[in-house]
Amino acid sequence: MELLSLSAVELGRRIREGRTTAVEAMQAVLNQIDREEQSYNCYITVDRERALKKAEEAQQKIESGALSGPLAGVPMAVKDNLCTEGMLTTCGSRILGNFIPAYSAEAVSALERAGAVIIGKTNMDEFAMGSTTETSAYGPTRNPHNPEHVPGGSSGGSAAAVAAEECFFALGSDTGGSIRQPASHCGVVGMKPTYGTVSRYGLVAYGSSLDQIGPLCKTVEDCAVILDLLASDGMEGPHVGNQGSDFPLRDSTRIRREDTRFTEALIKDVRGMRIGIPKDYIPFTESEQEASGGPDPEVRDAVRKAAQLLKENGAIVEAFDLELVDYAIPAYYTIAAAEASSNLERFDGIKYGYRAENADELHQMYKETRSRGFGAEVKRRIMLGSFVLSSGYYDAYYLKALRVKAMIKKTFDEAFRKYDCILGPVAPTTAPKLGESLCDPIKMYLGDIYTISTNLAGLPAISLPCGKDGKGLPIGLQLIGDCFQEKKLLQIAYTYEQTANLR
């Protein structure tokens, strides 16, 4: 059990020093899954035989000196919308219940090349559409801090697996907060990097202009190490335009970066850093509270306390107005639904996945396959997306949402001329009870109010624990940075984590 409490970096160090082995670590995780998985339902697929075999191979390479990286031999989990060669990839949907990819996502391959070993695929909201991991066709995941509550979503399986010590770290995807929100609800660290920093090749897209892959883990140090590997790997290959002779072709949205040594940012020092707190996120007066509503009092107080701690360590903290917050949710759900309706066209029962039986003709087969294969939330978003893209409504809704997206990016640009970081809550409440959000989809959408703007603007953001409410449920602190300023976020997050003694 002591082994399971280690961070990914701590475990990797023990394996390299010969104090334990990759096989022992994997067996410990599999034993923990046997004990806890029935209670939490973190995984859709656990490939025990493959995991132990790969752990043995990793151990042999470590002992021979072929592998020496910080994550060599460390067991990891992968969200089930990232393709894994030879391993079931369902996206939490019945329509992909039999899909086994012939290749792995670039992010998965990068970590495997570094020696990390896949345990299996984690549960998620169907096609990442949800905020609670309750829309999965494979049943809901439960929060390890209280099984009567949700873990958040859509990467709830990954966050819960880390919190339940059923893996040492996991990959998730973030379209509108789907890494940070479950990280907050489960009391772990989760980061969404700048759009384009990590290759999206092999990620089954929800909203192509919004999705980003990132880590869920126990510490800020783990986060920096994992992100370092994800961002710097895969830079060999044919060139694209003026990106350089060694830039890969497989993901046209990937950005070439030279500043990906994120572990260099693990410095306990925030002196002179300017941190802005939007009044719309954390009201500071009664009138502001009445005007904006704001988060629950326990969430608000925990975030204020975190800001005060950073201030006591030398940061300059002040409140400011961040405009257009009220427009973020309608703009996000218009754009995301439009892109989802387009991306999900491919799931028609012809090429792969589930196909309805006994259909007499092609259009009937399409209709019955998609009706039976997709869940209610996915159908809702497909219909909304098809509507906003339809003739006569495209200009009124979709194009208008794109203009709002550009305005939100401009608003953040102006804020970052003054601040190194924007601080606020991840979610307005702690984890709701199972079933509460599904009864009221609008309430579920409003739970993303503090996270979706960063996806619309393509900004990096990190969530880390900053306390618990009266029920013992975790509260998350969100730090948002300017494009390509992950190092500043990691430095501030690391300083807070070390000062607050979160580990």
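Two strands pair if DSSP finds at least two bridges between them, and helices (H or I, at least four residues) and strands (E, at least two) are DSSP runs, numbered from the N terminus. With that in hand, look for the open sheet of eleven strands, which has mixed pairing and runs in the order 1-3-2-4-6-5-10-11-9-7-8. Strand 1 (43-46) and strand 8 (316-320) stand at its edges with a single partner strand each, so one side of each has no neighbour in the sheet. From one strand to the next, the twist averages 25°.

Before going further, note that this is a predicted model, in which local features need pLDDT of at least 70 and side-chain atom pairs count only at pLDDT 80 or more, while totals for chains, interfaces and linings use all residues. Residues are numbered from 1 along each chain as its sequence is written, and side-chain values use heavy atoms, with hydrogens and water left out.

Within the sheet, strand 9 (residues 421-425) pairs with strand 11 (residues 474-480) in the antiparallel sense, over four bridges. Here leucine 423 sits opposite leucine 479 of strand 11.

Next come two helices. Helix 1 (residues 8-16) packs against helix 7 (residues 220-232) at an angle of about 75°, and their axes are 8 Å apart. Axes are lines fitted to C-alpha atoms, for helices over the stretch in contact, and angles run from 0 to 180 degrees between N-to-C directions. That angle makes helix 1 roughly perpendicular to helix 7 (65 to 115 degrees counts as roughly perpendicular). Ala8, Val9 and Arg13 of helix 1 meet Glu221, Asp222 and Val225 of helix 7, where contact means heavy atoms within 4.5 Å.

On a 1 Å grid over the protein atoms alone, a cavity is a set of points where a 1.4 Å probe fits but cannot get out, and lining residues have an atom within 4 Å of a point. A volume is the space filled by probe spheres set on the points, which are joined across faces, edges and corners. The largest cavity has about 90 Å³ of space. It is lined by 13 residues, and Gly130, Ser131, Ser178, Tyr332 and Asp448 are the closest to its centre.

Finally, some backbone details. Most residues other than glycine have a negative phi, and most peptide bonds are trans.

| Residue | Phi | Loop |
|---|---|---|
| Asparagine 41 | about 55° | between helix 2 (22-40) and strand 1 |
| Threonine 133 | about 60° | between strand 3 and helix 5 |

A cis peptide bond, with omega about 5°, joins glycine 153 and serine 154. Serine 154 is in the loop between strand 3 (117-122) and helix 5 (156-163).

Terms used. On a 1 Å grid over the protein atoms alone, a cavity is a set of points where a 1.4 Å probe fits but cannot get out, and a pocket is an open set with protein on both sides within 12 Å along at least five of seven lines; lining residues have an atom within 4 Å of a point. Angles under 35 degrees count as roughly parallel, over 145 as roughly antiparallel, 65 to 115 as roughly perpendicular and the rest as oblique.
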